[in-house]
Amino acid sequence: MSSRAGGTTGSTVVSVDATMKMIRGDLGVDATEVVEPGALLNLAPRLPLRVDVAGGGPVGLAFACSVQALLGRDVVVRVFDRRWKRAGDRVVWRDAADGNRRREQVVTLQSNVWSALPPRVQRALFVEGRYGEMWPLGPDSPAERGRPRNIKIRWIEDCLLDLAQDHYGVDVVPEAYTPPATPVEGGVLAICDGARSATRAALAAGFGTPNPDLYSLDGTPLQERVLGIRINARVPDEHTVPLTVAQNRFLFNSLGGGFINMRLTAEEATEVQSIGRFGPVDCIGKQGCTVRPDGYRFVCDRHQATFKPSVDRLSFLWPRIQDGLRLFGAEWGDVVGITSFTLGMTQNSRFTAQLSAGSYAFLLGDAANSLHFWPGRGLNTGLKSALSLVGTLKSRWRGKPLRLADFAAHEGYMQQLQFREKMRAWTTMVMPDEQGRPHGIEDRIRAGFEGPHDRQALIGELFARVRAVKSRLVDRMGSLAADEWYLDRLHSLSDATLKSLLNSAPWITREVGGDEVPVQPLDYPAERGARVLALA
Ligand SMILES: Cc1cc2nc3c(=O)[nH]c(=O)nc-3n(C[C@H](O)[C@H](O)[C@H](O)COP(=O)(O)OP(=O)(O)OC[C@H]3O[C@@H](n4cnc5c(N)ncnc54)[C@H](O)[C@@H]3O)c2cc1C
């Protein structure tokens, strides 16, 4: 059950109810039934650290559960999210009827990251049918921890919201977070409200303003338009991996289905629009809308507007989308919806800010480092940032006011993450040529549309690339499809698509690979039951 702590939104006042929940949650049972009265007194609990979390997405909730699991009765946690609502005595996600579109994307969690979450969280997330292993072992998913795991972001959010309120006794508040006018002394604010963080903007005096200069070409911030084509998959997820890795135009991440992401040229991006009864509608790509199949057309059910390429016989984009489906063995009947988004990056100057005496705020998750998703690291980076702060609070909180110096190592870790992950993403965005000069993906794709096209040579070269990827992956993942299946996929594509795939180049795994930022190991206490026995 969730209860609203304190009175004023954004303050760090803690209710007695929340504190009792925290004590009960830490012990795993009703304390009065199991623990000798003297046992609680002997523990002489010090004042708990008060932690507010702005934003209950995957990073905010994972942070809340992990800090509660590690610090137990030394912390009282409250999370705010504007996408929640109260339903009886529970807090649940708002749904489409409430105007909230839940995210359907599949994300890949590296094993260095998922294995650092509390064991209780891991057990809830990774149940049969809810995750899959599609991608190979690598530096951030070493053999001793296991392969990366694909999981739906919506499932992560559902599990964590339930665990936060039912198991960890976290106070979940279904409201937007508003920083208090006067910062409260003592306490911690974890800012996890996403890439367009309003809380970061409100506290810009402490963090500075995100700057796009480092991720610009010729003075213009580089922004990429991507189409997300959601499909039901026909083939085992991992069979498609060599096709994704052999080029940079289409990326398919799947859990029995998922999104084929398609990088667009500027000309293709102008085609991404919907037409309503009275003309163009700001819809797909502008308001996060998805167009879904409706007979022969694709239509936005929110605006009743038709996705123009689906009815435009002169569309260049539509047959290219179809080639994307064919590449992964799918057909129009497998498409569930199409959406579009723009990706760019900015640099943050600082991730830690002092709000008042003994009171600090931290940028975590996408609020700290919003990444281009092609290398697929946004959530992993967000969870690493959250786990670093959890470990820091565990090692530094002694019931006395925290000092700025307590966070020097965490701030250094955040700068390291920013450098490693944004440089990986930036290299993938500009795709350097053999001389190391930026050769943007858009130019590479566009050049593929120009003839002449020697079809047999294009297929031969791409097939050789796919086979080379297959042989590199053979010891690092499960079985792949036979060569003939990959050859059939290539034969199904148009000449222009074949050439643009070839031009887009295979994944630059060597350039973006290498050492990963290590995850802080956390020594979670034994879980319920075991802890009660120890106390008795
Ligand atoms: C297509 C796509 C594919 C991706 N694939 C991968 C992948 O394979 N691997 C990977 O690691 N990452 C991937 N990512 C990135 C990943 O989805 C993000 O990094 C992750 O969702 C960030 O989580 P977050 O909790 O920091 O932010 P968000 O998920 O944006 O959550 C922020 C939360 O804050 C809430 N909020 C906002 N403002 C307020 C406010 N004022 N008050 C209260 N609450 C507020 C929102 O409602 C939301 O719940 C992908 C992203 C995309 C778009």
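Residues are numbered from 1 along each chain as its sequence is written, and side-chain values use heavy atoms, with hydrogens and water left out. Local features need pLDDT of at least 70 and side-chain atom pairs count only at pLDDT 80 or more, whereas totals for chains, interfaces and linings use all residues.

The mean pLDDT (the predictor's confidence in each residue, from 0 to 100) is 88, and 90% of the residues reach 70 or more. Over residues 1–42 pLDDT stays under 50, and the model has 79 contacts (heavy atoms within 4.5 Å) beyond four places in sequence for this stretch. Residues 529–536 also have pLDDT below 50, with ten contacts beyond near neighbours in sequence. Where pLDDT is low, the predicted coordinates should not be read in detail.

Strands (DSSP runs of E, at least two residues) and helices (H or I, at least four) are numbered from the N terminus. Three strands form an open sheet in the order β5-β7-β6, with antiparallel pairing (at least two DSSP bridges between two strands). Because β5 (106–109) and β6 (131–132) each have a single partner strand, one side of each is left without a neighbour in the sheet. Four bridges join β5 to β7 (residues 149–152), and V106 stands opposite K152 in β7. Helix α7 (residues 153–166) lies across β5 and β7, at about 75 degrees to β7 (axes fitted to C-alpha atoms, for helices over the stretch in contact; angles from 0 to 180 degrees between N-to-C directions).

The model contains zero disulfides (cysteine sulfur atoms within 2.5 Å). The sulfur of C289 is 3.8 Å from the closest cysteine sulfur, in C283, too far for a bond. C289 is buried at 3% relative accessibility (buried, under 20% relative accessible area; exposed, over 50%; partly exposed, in between; 1.4 Å probe, protein chains only). C192 is likewise buried, at 9%.
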